[in-house]
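This note sets out points for a colleague who is meeting the structure for the first time. Please read them with the sequence and the model at hand.

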Amino acid sequence: MEVERESVKLLLNDELIKAACNLSMKAHNHNQDYLTNTKKHNASSSSSTQILIIAFKGSLDVDDFYHDDHFGETTVDCSLFPSLRRVGEAQLAKVNGSILKIFQDILNNSGFISEVEKAVKEDKKILFTGHSSGGAKASLATLWMLDEYTRKRKIRHPIGCVTFGSPLIGDRTVSHAVRREKWAGHFTHFVMEHDIVPRMMLAPKTSIQEHLSDILKFFQQKVKPNTTQKSHKFPKFFNKKTPVRTIDHDQLVDDNQAVTFFENVLYNASTVANHDAFDLMEPTNSLKDKLSADFVKVSPYRPFGTYVFCTRGDDLGSSSPRQQLVVENPNSVLQLLFYFLQLPNEDQDLAKFAHESLNANFRYEEELNNNGLQLVKMVDLKHLNDHLLTSDGTTGDTVRTSNKALFELTASAKWCLLAVEEAEKRKLKNMDQIKKSMRKYKSNESEYTTKIKIIEDMLDEMHKYKEKARHGTTDYYEAFKLQDEHVDFEANVSRLEQAKIWDVIVEMVVRKDLPDEFEVWDELVVLATQFRRLYEPSDIANYYRHSKGDDNKGLSYLEVRPKRYKFPQRWYEHANVMGFELLSESNFVAEIEELMIPKKKTVEEARKDFEDIKDKVQMWKSDEKIAYEDVFWGESVLSKLQEKLAEA
Amino acid sequence: MHVPKQYYKSLNSIIFNINKKNTQVQFFGKKSRTMNKIIFSSELELGKFLGSTDVIPDAYQAILETTLPFKLHTNRRSGIDVLAVKSCSHDYTTQFLKGELNLVPSENLQVDFIPTKVKSSASNNEADSIPAKEKSLFSINKAVVELFQQLSDDLKEEEKKHINTPLIITGLGLGGYVAILSAMRLHHAIDVEESDGSKNTKRPICITFGCPLVGDKAFKSAIDERPQWKYSFLNVVANKDPVATFFSSDPYKPFGTFLFCTESGGYTAFEDQDLILPVLNAMKLSNPDHLHMYDYRSVLSTFKRKVLYRGVPEFGELNLNLFKAGITMQLREVGVSDDMNDQIEKMEKQIKWSKSNKNAYEPTRKLNEMKISLTYMEWYMKTRKSKGGYYDSYKNDETIYEIKCQNEIVKHQRNLNLYWKTIVEDKDKMPQKEGANLRKRWLYGGTNYRRIIEPLDIVRYYHKEKKVNYIENRPNHYKLLERWADEDKNNTQNSSEKKRDKAASLTEDSCFWAHVEEALISLKDLVNEGKNNAEKKLEEFEAYVMRAINNYSVSPDIFLEGSSLMTWWNEYKAYKGTAYASEFARYMNNASYDSYK
């Protein structure tokens, strides 16, 4: 589905998914946190290997979903999930707190880590799986393993994750990070068209708590084998011709409970879906923002990974063949999560529909046994929007019949799906414009020849300025600070010309106006790093040149460091899987300048800091990833400080 | 001076102005690609969002539970405070519906918290310089004032408690008038609080049900100019409500967001002001002239039903124009027939135009561009020291070389002037207090700009345009920039602030050179015609310069050889004779300025 980067996807097949689903349902009935099973992968092919399936058990107490009254989200532990953040802003993601807690306990207490470790050593592929909240845990396990093994230890080990009716667990930052790292293909989430569980976390606890514990008890009953039938294989109602009628309404959940629960989940799903769709349409009205800031609770959770919607149109009871719709874009998934749950028309029996949406969470095994993963029936949403628009024409008709469920959606749902696509196009267009400002690309050369100055050319000029100064009496840092020569003035203008471009790029990142993978785009990281190393000293020089004047409020450069340097540093650090540092090879000069300001520190402290910086400089100098000639090594300022400290 | 080629400009047109290019194509060539860009009417989603939440029904419930003139409720589920105004008496509403209450001008009303462009600070004489015709007063319906004044003081107490906590203010029918004014007054109080540096403020939301239009165009624009206010007003209007649709034409103008709804369960939000009036009018025409108060309960009870069920699956025949399809969908929702094609087309054009012109990143880009222009100016100043300073160098552009680099400088001067004039105008429209808060952030840059560029404007004034008395004809944006800088200084000045002990790098009084020019003129008058008042003026000028020197508030550059000041001094000395020994004369004769640094 996507270009493979460092991570290796696990190719799924019918047999594997069925095995995962069976194991997931079985896991509910055992005391262990998870069950394992080893299967042969691609038994027919010669490159057959073994695959370890780890199925997590679901937990079905109210506290296992919500640890507070609203959505129960919590900031992720960044040592466990270093990638789950926005890189530039260094903003950590949020995930469901209860499920995170359970997963952390599994990591710490069970033999989980050693099991995984063993599988990796034995070269077994790993497939995490789970049903309902078990699926949520499987997702966390996958995220953890992708960070720990694939990114940190750089082990190219095939990892996959399949969930069945899993609730949402991560916020939009998780969703962004998954797309940025190109991990979406690792996750396959099966969702029945009307299954309530994947939508549940869109509602705050306050809105559904009245019946939540009863409904969870009902779920528990469905997964436990306390009836004579083995419920995880063929629940009895599936064998009847009219299964819906035989649902045991009376036991734990009555009509009123089912309807109230269903309605509240749907209302809140609508709030979230409308909220996001509104933002996609380049609105000017800020009433919605004001309302969702202080007056309306909007769920933080958003989908991530690849979703497979199993749809059957409005034909509830019959065993008419389902269609499977594959969607990856989280915005589209969110819209579909809402619109597929709506009742097809006002003639529908609401109570029946509500009960069905509760029962749908236990239909995955049946679905897979009946239909399997029918690749023929898979539809990729990516290019479907073009077809959605043509009312006549043959392509439209074939799409229409092969995507019945989609075509039965309302005009407003299609409207939103179109908006999602338009938003993606806008982002790509922005990225393309940035691309054009970065380097000369052959295809464009005829179009914009000598007239344009691009980032790369400006970097070359700064290089020359830097080199020239090195042969003179002062280095380029001092020369820039003095601003005596015309070349210094030109360099100063060049500094601002670069700022003009990079400030806008950074703002685009902050406003989420660029594709998710923008910040890990190799070419960008390389160029931004070069820019940071060459230009940041000039900004520092400019800062300390001016703060002689009136506006010096005593802030050091590092406290007001422009985002156009902060962001590139974080991009670089993320690309190289390093921690986030305050001081780097491009800005340590500012620290030296600070040490030169009297009274800020005692002489002893200054001496110690000076030594520390010198050590760091040595370290950076020996770092082969740092191009020696890009960096200003602080010769003039270091020797000045040394003199000063010697005098003191 | 060698100035680098302006290659950067073309760079920017490639990177950031692509949209602009498209606009042009759009205007001239109908089949341009941008025409295919899908434009969405986001109001559809806003309407759905509003309908899926409990905010609106909760507000209405609070009104129903209010028996006193007004009451503060705390919602049990959400914990949000709702200030509900009881709907006003039947008799008064009847009187209103008979059309007995008209627009009244705001002049004599006690609604001073509603900002207008009129400068209220009488203490500042300079404000009078704004011509009377720019003073715009607004008009609002008499009922608004009468109803609000009855409750004004009591409401104020409730408002005060909610500067830092979220509040919904709500009212039904004419009660909405009270709610709106109360919300405006709270907004104003928050503006004041924020200008004092508070960051904990929470803006209120005003939800009215069937509130008739309030005032005229001037009233609407008073609100529209404040983004923080503009989007906090929501008026829910049922198509059968005679009070809400009572005014549906000029001179009344709607503001804020409207949520239209029908008893059959349709509802949709409208934000575009041009479309609200025709919709109101269409609803009014379809209504029989019943004089009754409308009960919103049944309409609101159907709101959430729409969320449960899927709607129509097709866009209809409008598949190819989604924007039009969207608006038509909206109009159908609220039972207004499709005879508004003209308005829709106009609206589409407007939105397309504004969307393609709106570049969210323009301010950031512009800011750096101005920094570049200022860098050019600084370099110019630095290199002109040998020519008697940049002021006199600009004045005497004799050589071709000088003219050439002056052209470059003039370009930057023009860019900077254009930029700052617009900014100052925009900020000046903001109400006194609110604007002050926004100003601080860029005032430093503004002051720098004023001190560097105004002298060049003075040169143009005296030497290119051959005029006199610059100070009296000084451009308004310089005046405002200086006044704001002074106000800011007075506000932040500590008693312990140290006095300057070094010469300023830029002369603080940006009109310094205008004084010098006037002194040169006075001297000419004195020499040629022996005018007495000229002599007095010159003495005043001497004292002025001397004061500035003692305060270190002038740049040492004014004493550069060949500067206008030195030229003046030499002529003045010749006129006065060597015996002349004022404080300034002594200072100059001793060349004390050599040590002025």
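1. The structure holds eleven cavities of 30 Å³ or more. A cavity here is a set of points on a 1 Å grid over the protein atoms alone where a 1.4 Å probe fits but cannot get out; grid points are joined across faces, edges and corners, and a volume is the space filled by probe spheres set on the points.

2. On the basis of these values: this is a predicted model, in which local features need pLDDT of at least 70 and side-chain atom pairs count only at pLDDT 80 or more, while totals for chains, interfaces and linings use all residues. Residues are numbered from 1 along each chain as its sequence is written, chains are lettered from A and ligands numbered from 1 in the order in which they are written, and side-chain values use heavy atoms, with hydrogens and water left out.

3. The largest cavity has a volume of about 170 Å³. Its lining comprises 18 residues, and B:Met381, B:Tyr390, B:Thr507, B:Trp513 and B:Ser555 lie nearest the centre; a lining residue has an atom within 4 Å of a point. With four residues, α16(B) gives the most to this lining; helices are DSSP runs (H or I, at least four residues) numbered from the N terminus.

4. By class, the lining of the largest cavity has seven nonpolar, seven polar and four charged residues. Ala, Val, Leu, Ile, Met, Phe, Trp, Tyr, Cys and Pro count as nonpolar, Asp, Glu, Lys and Arg as charged, and the others, Gly among them, as polar.

5. Chain A brings 84 residues and chain B 74 residues to their contact (heavy atoms within 4.5 Å). The area buried between the two chains is about 7700 Å², of which carbon and sulfur atoms give 64%; buried area is the accessible area (1.4 Å probe) that two parts lose on being put together, summed over both.

6. Five salt bridges are found across the interface of chain A and chain B, a salt bridge being a side-chain nitrogen of Lys or Arg within 4 Å of a carboxyl oxygen of Asp or Glu. A:Asp484 forms a salt bridge with B:Lys382, with the closest N and O atoms 3.6 Å apart.

7. Over all chains, the count comes to 61 salt bridges. A:Asp105 pairs in this way with A:Lys101, the closest N and O atoms being 3.2 Å apart. Because A:Asp105 and A:Lys101 are four residues apart in helix α2 (residues 97-109) of chain A, about one helical turn separates them.

Terms used. On a 1 Å grid over the protein atoms alone, a cavity is a set of points where a 1.4 Å probe fits but cannot get out, and a pocket is an open set with protein on both sides within 12 Å along at least five of seven lines; lining residues have an atom within 4 Å of a point. Helices (H or I, at least four residues) and strands (E, at least two) are DSSP runs, numbered from the N terminus.
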